[in-house]
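Open the structure in your viewer and keep the sequence panel beside it. Each stop below says what to select and what is found there.

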Amino acid sequence: MTKWLFPLVLSVMTTGVFAQDARYQNQNDDNTHYGWADVLRVDPVYGVARTEVPRQECYDQQVVRQAPSQGSAAGTILGAVVGGVLGSTVGHGNGRTAATVAGAVAGGAVGNSATQSGGGEYETTETHCRQVAAVSEQRRIMGYDVEYRYRGEVYLSRLNYDPGERLRVRVSVSPAD
């Protein structure tokens, strides 16, 4: 009875080593086992993370503008009537019609320019905006330098997490030559 009991106990103990953690179940290397190391020191490793943040930058600027000129319709009509009357008195015979038309056009132009208002300059404020990229720098923890002891030997590793007081280690044994 003891012949078959010893291999059974040995196989149960061996399978318990590989079933310790679900993260390592896919590694079926017979020369690998897992253990626990005591953490001696944990030092955070800092780095600077830069981010570009777009923002809008606006400013006010004084500008000089030309006011639009506006003519009076009444001045144009009055000038055309006066010009037409003067043109009809100057011309004789068939030339009277042409003189009347020319006088009306010229009078209308003179009347329009005489009644123009505005046309001056004025100062105003315009807002101008542009997109700029603001760089934001933040100091962040990029990892942890961890010093730990396993079976009397001290090791140093950089991890992306703080392991706490104990660190699970994977031990792999292979021939040196």
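**Before starting**

This is a predicted model, in which local features need pLDDT of at least 70, side-chain atom pairs count only at pLDDT 80 or more, and totals for chains, interfaces and linings use all residues. Residues are numbered from 1 along each chain as its sequence is written, and side-chain values use heavy atoms, with hydrogens and water left out.

**Stop 1: the whole chain**

Colour the chain by secondary structure. Three helices and six strands are present. Helices (H or I, at least four residues) and strands (E, at least two) are DSSP runs, numbered from the N terminus. Read from the N terminus, the order of elements is α-β-β-α-α-β-β-β-β.

Of the 177 residues in the chain, 19% are buried. Buried means under 20% relative accessible area, exposed over 50%, and partly exposed in between, with a 1.4 Å probe and protein chains only. Among contacts with a separation of 6 or more, 78% are between residues 24 or more positions apart. Contact means heavy atoms within 4.5 Å.

**Stop 2: strand β1 and its partners**

Select residues 32-66, which form strand β1. Two strands pair if DSSP finds at least two bridges between them. Which way do β1 and β4 run relative to each other, parallel or antiparallel? Strand β4 (residues 121-150) runs antiparallel to β1, and 28 bridges join them. To see this pairing residue by residue, select Asp38, whose bridge partner in β4 is Arg149. Then go to Arg55, which has Val132 as its bridge partner in β4.

Strand β1 is also joined to β6 (residues 166-172), again antiparallel, by seven bridges. Gly35 marks the place, standing opposite Val169 in β6.

**Stop 3: the disulfide**

Show the sulfur atoms of Cys58 and Cys129. They form a disulfide with an S to S distance of 2.0 Å, and the structure holds one disulfide. A disulfide here is a pair of cysteine sulfur atoms within 2.5 Å. The link is right-handed, with 110 degrees about the S-S bond. It connects distant parts of the chain: Cys58 lies in strand β1 and Cys129 in strand β4, 71 residues apart. Cys58 is partly exposed at 42% relative accessible area, and Cys129 is partly exposed at 43%.

**Stop 4: a charge over a ring**

Select Tyr46 and Arg139. The charged end of Arg139 sits over the ring of Tyr46, 4.0 Å from the ring centre. The test for this is that NZ of Lys or CZ of Arg is within 6 Å of the ring centre and within 35 degrees of the ring normal.

**Stop 5: the largest nonpolar core**

Which residues make up the largest nonpolar core? Select Ala37, Val39, Tyr144, Val146, Tyr148, Tyr150, Leu159, Leu167, Val169 and Val171, the 10 residues of this core. A nonpolar core is a set of buried Ala, Val, Leu, Ile, Met, Phe, Trp, Tyr and Cys residues joined through side-chain atoms within 4.5 Å. Strands β1, β4 and β6 are the elements that give two or more residues to the core, and β4 gives the most, with four.

Centre on Val146. Beyond its neighbours within four places in sequence, Val146 is in contact with several residues, including Val39, Leu159 and Leu167.

Next, centre on Val171 in strand β6. Val171 counts as buried because its relative accessibility is 17%. Leaving aside neighbours within four places in sequence, Val171 is in contact with Asn31, Thr32, His33 and Tyr150. Thr32 is 139 residues away from Val171 in sequence, yet their C-alpha atoms are 5.5 Å apart.

**Stop 6**

Follow β4 onward to β5 (153-159), with Arg151 in the loop between them. These two strands pair in the antiparallel sense over seven bridges, and Arg149 has Val154 as its bridge partner in β5. The two strands form a hairpin with two residues between them.

Finish on Arg151. Most residues other than glycine have a negative phi. Arg151 is not a glycine, but its phi is positive, at about 50 degrees. Is Arg151 buried or exposed? Arg151 is exposed, with a relative accessible area of 72%.
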